[in-house]
Amino acid sequence: MSSTTPDTAYTRVLLKISGEALMGDQGFGLHPPTVERIAREIKIVHDMGVEICMVIGGGNIFRGLQGSAQGMERTTADYMGMLATVMNALAMQGAMEALGIHTRVISAITMNEVAEPYIRRRAVRHLEKKRVCIFAAGTGNPYFTTDTACALRANEMSCQAIFMGKNGVDGIYDKDPKTNADAKRYDVVSYDEVLQKNLKVMDASAIALARENNLPLIVFSIDAPGGFKSILEGKGTFTRVQRAA
């Protein structure tokens with residue numbers, strides 16, 4: 001176990017990435033070189049001594065809301081989406097352990113053959129031992145997104161911030177920067193503004209949970225090499241969501 005004190009304002013963080021971030025240039029599924037690239041970005045931060053939790057979405061494999069919209073029963077669709085996050089978590093675990101990082105996949109749905117069950121005190125102990133914890137299967141309940149699971153686990157683990165690693169976007173904009181050349185990026189925005197302006201960072205329940213516990217959100221691009229590390233060092237391009245001054 002490393003005794004290194006991180007040279008950063010944050011000593012324990014939760015990194016949230018979407019399932020789509022693992023697709024690379026493919027339109028579906030996992031792109032192993034992309035998974036490996038993200039694992040290397042995490043290793044850089046892990047080597048700084050920062051304790052890291054992760055939540056990964058499942059939209060590259062199956063998204064419950066889309067299944068429901070196409071006529072599938074919502075609860076079943078949501079459980080299928082949770083299983084997709086477990087697949088992504090196992091892929092990321094494999095990539096990180098290949099880099100020598102001890103990693104635990106912790107599932108909110110019991111599946112002892114492939115993942116540990118969620119036990120808060122055990123997960124905290126893994127972090128203290130500098131193991132990366134990947135929380136899979138959302139909250140274990142339908143009708144809740146991985147955004148909500150992200151805010152919940154970050155609070156339970158006493159994380160100091162949630163890092164939202166976006167693919168193709170380096171922060172929060174007043175409109176979609178991919179289709180609007182005049183879109184402006186926020187440096188800092190309040191939780192209330194995110195809700196009032198419908199900025200689509202996380203769903204409303206996740207934002208509310210972060211606001212109630214004064215848990216800042218850092219939105220940045222997971223595609224930028226060294227971006228995760230730079231922001232922890234107080235540099236780089238990002239948007240910070242926090243309480244209004």
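Begin with the largest pocket, which has a volume of about 1100 Å³, the volume being the space filled by probe spheres set on grid points that are joined across faces, edges and corners. A pocket here is an open set of points, on a 1 Å grid over the protein atoms alone, where a 1.4 Å probe fits and protein lies on both sides within 12 Å along at least five of seven lines, and lining residues have an atom within 4 Å of a point. This is a predicted model, in which local features need pLDDT of at least 70 and side-chain atom pairs count only at pLDDT 80 or more, while totals for chains, interfaces and linings use all residues. Residues are numbered from 1 along each chain as its sequence is written, and side-chain values use heavy atoms, with hydrogens and water left out.

Next, select R63, D147, K166, K200 and V201, which lie nearest the centre of the pocket among its 45 lining residues. Colouring the lining by class gives 16 nonpolar, 15 polar and 14 charged residues, where Ala, Val, Leu, Ile, Met, Phe, Trp, Tyr, Cys and Pro count as nonpolar, Asp, Glu, Lys and Arg as charged, and the others, Gly among them, as polar. Then show α3, which supplies the largest share of the lining, five residues; helices are DSSP runs of H or I with at least four residues, numbered from the N terminus.

Finally, select α5 (residues 146-156) and α7 (residues 204-212), where contact (heavy atoms within 4.5 Å) is made by D147, T148, A151, L152 and N155 of α5 and S205, A206 and L209 of α7.

Note on methods:
Helix = DSSP H or I, 4+ residues; strand = E, 2+ residues; numbered from the N terminus.
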